[in-house]
Amino acid sequence: MAKKKRSKQRADFRKKYQGRVRKGDMTRSFQIGDQEKLADIVNAERVSGKGELTRKRTVTSQTLEESGSEMSAATDESLLPGRVVSVHGLKSKVLGENGQFYECAVRQVLKSLNIEQRNVIVAGDRVRFRAESPVDGMIESIEPRGGVISRTSRGRQHVIAANVDYLLIITSAAQPGLKPALIDRFLLTAEHCGVEPVVVINKVDLIDPVPLQSMIGVFASLGYRVLMTSAETGVNIKYLHALLTEKQTALAGQSGVGKSSLLNAIEPGLGLAVSNVSLDNEKGRHTTTATTLIPLAVGGAVFDTPGIRQFQLWDIASNEVSGLMPDLRPYVSACRYPDCLHLNEDACAVKNAVADSRIDARRYDSYCHIVEELLIEEGSNR
Ligand SMILES: Nc1nc2c(ncn2[C@@H]2O[C@H](COP(=O)(O)OP(=O)(O)OP(=O)(O)O)[C@@H](O)[C@H]2O)c(=O)[nH]1
Ligand SMILES: [Zn+2]
């Protein structure tokens, strides 16, 4: 009897839910349920007061964004898009798309999304923020970062600049004289950070450019853009101007090569802004991160920090160097020893390629100097 009752119950259940829930639907209905739950949260917030609503909705959106949902703070039209130009302790200076600067705090939930708190916001970040007054605001969301210049300290990545489109490696043909080995080092850093480098050889008005052609040809054959400029006579300034338009560019280069003069040639007063920022940094005014983004009238911006200007071979290990040089890279796997450093080992495919002029001898020489220097450093750190 009891058995008959149970089977009737099962039949009734099947009849009731037939066509609504099938076995394979479980996951989908679960997701729908979740979305409904989120919609309920949003609706509940909607009745809790306008200001509160927008704030909480954004938090929900951020969480959804993290989990890959299409819903995001980007859909909240009351938020302004902007770029972080500098970070000072807990406050960030943001340039809104409306052309105004805002001192912004960061929504707590965003901080909790990042383990490395000091990197929650860095210069160059694209954010959406709520203007709380004509000069203050609250950052509600951060867009995913593109090219990043960073270094690792004690196993943690320290981001110095975000959304870097180009690393402009500025050198001078004379006064100070050209140092191709320094270009190689900066190229290595660009490769390491995954940021596109552009080599600028400034002060070409002071030299005969013909002898430089073969060196430039080697860089060009490796896919690197090389630009000869003169801030003095205006050679290629138009090209440089076009390159920087709408891009975020980091500058690297020794003192005196003409960084400020080139920026002034592109936009009068810009070089001055850069020098002033560097002075501020030296006085320790920018405490959390020294990097500053200097907006260009043409829409792009340049990063400036003494750190980037003189940055060295951060975080690169001696055995990583050949992999970061596009001319050496194709040969490394053909060496007899898998841990070959291409210095004194036999049956080294890299050295064979140098001997046959398949690799430029000057570039290989640079490689040897860099690796030897790193080996000494690694030895002393042991
Ligand atoms: N002949 C010539 N001189 C230049 C050119 N560009 C810059 N200079 C000169 O080089 C000197 C250094 O130029 P800056 O623009 O101050 O160099 P910088 O790289 O900004 O130097 P730091 O601020 O020390 O990093 C100045 O005397 C400039 O006038 C150029 O294309 N040709
Ligand atoms: Zn080798």
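**Entry: two helices crossing.** I looked up helix H5 (residues 180–193) and helix H12 (residues 361–381), and found that their axes come within 10 Å and cross at roughly 70 degrees. Axes here are lines fitted to C-alpha atoms, for helices over the stretch in contact, and angles run from 0 to 180 degrees between N-to-C directions. H5 and H12 are therefore roughly perpendicular to each other (under 35 degrees counts as roughly parallel, over 145 as roughly antiparallel, 65 to 115 as roughly perpendicular and the rest as oblique). I noted the contact residues as Pro180, Ala181, Asp184 and Arg185 of H5, with Arg362, Arg363, Ser366, His369 and Ile370 of H12; contact means C-beta atoms, placed from the backbone, within 7 Å. By class, that contact has 3 nonpolar, 2 polar and 4 charged residues. For the classes, Ala, Val, Leu, Ile, Met, Phe, Trp, Tyr, Cys and Pro count as nonpolar, Asp, Glu, Lys and Arg as charged, and the others, Gly among them, as polar.

**Entry: ground rules.** I am reading a predicted model, where local features need pLDDT of at least 70 and side-chain atom pairs pLDDT 80 or more, while totals for chains, interfaces and linings use all residues. Residues are numbered from 1 along each chain as its sequence is written, with chains lettered from A and ligands numbered from 1 in the order in which they are written. Helices (H or I, at least four residues) and strands (E, at least two) are DSSP runs, numbered from the N terminus.

Entry: Next I checked helix H7 (residues 237–244) against H8, whose axes come within 9 Å and cross at roughly 85 degrees. That makes H7 roughly perpendicular to H8. Ile237, Leu240, His241 and Leu244 in H7 meet Leu262, Ala265 and Ile266 in H8. I sorted this contact into 6 nonpolar residues, 1 polar and no charged.

**Entry: around the ligand.** Which helix gives the most to the shell around ligand 1? I found that H8 (residues 259–266) does, with 3 residues. Of the 16 residues around ligand 1, Glu232, Ser255, Gly258, Ser260 and Ser261 come nearest; a residue counts as near if its C-beta atom, placed from the backbone, lies within 6 Å. The shell holds 3 nonpolar, 9 polar and 4 charged residues.

**Entry: the open sheet.** I traced an open sheet of 6 strands with mixed pairing, in the order E10-E9-E8-E11-E13-E12; strands pair if DSSP finds at least two bridges between them. Strand E10 (225–228) and strand E12 (292–295) are at the edges with a single partner strand each, so one side of each has no neighbour in the sheet. Inside the sheet, I followed E11 (residues 248–252) and E13 (residues 301–304), which pair in the parallel sense over 3 bridges. Threonine 249 has valine 302 in E13 as its bridge partner.

**Entry: the barrel.** I also found a closed barrel of 5 strands, E1-E2-E3-E5-E4, with mixed pairing. The twist averages 50 degrees from one strand to the next. E2 (residues 91–96) and E3 (residues 101–106) run antiparallel and are joined by 4 bridges.

Entry: Most residues other than glycine have a negative phi, and most peptide bonds are trans. I noted that the bond from glutamine 175 to proline 176 is cis, with omega near -5 degrees. Glutamine 175 has a positive phi, near 50 degrees, and lies in the loop between E8 and H5.

How values were computed:
Two residues are in contact if their C-beta atoms, placed from the backbone, lie within 7 Å.
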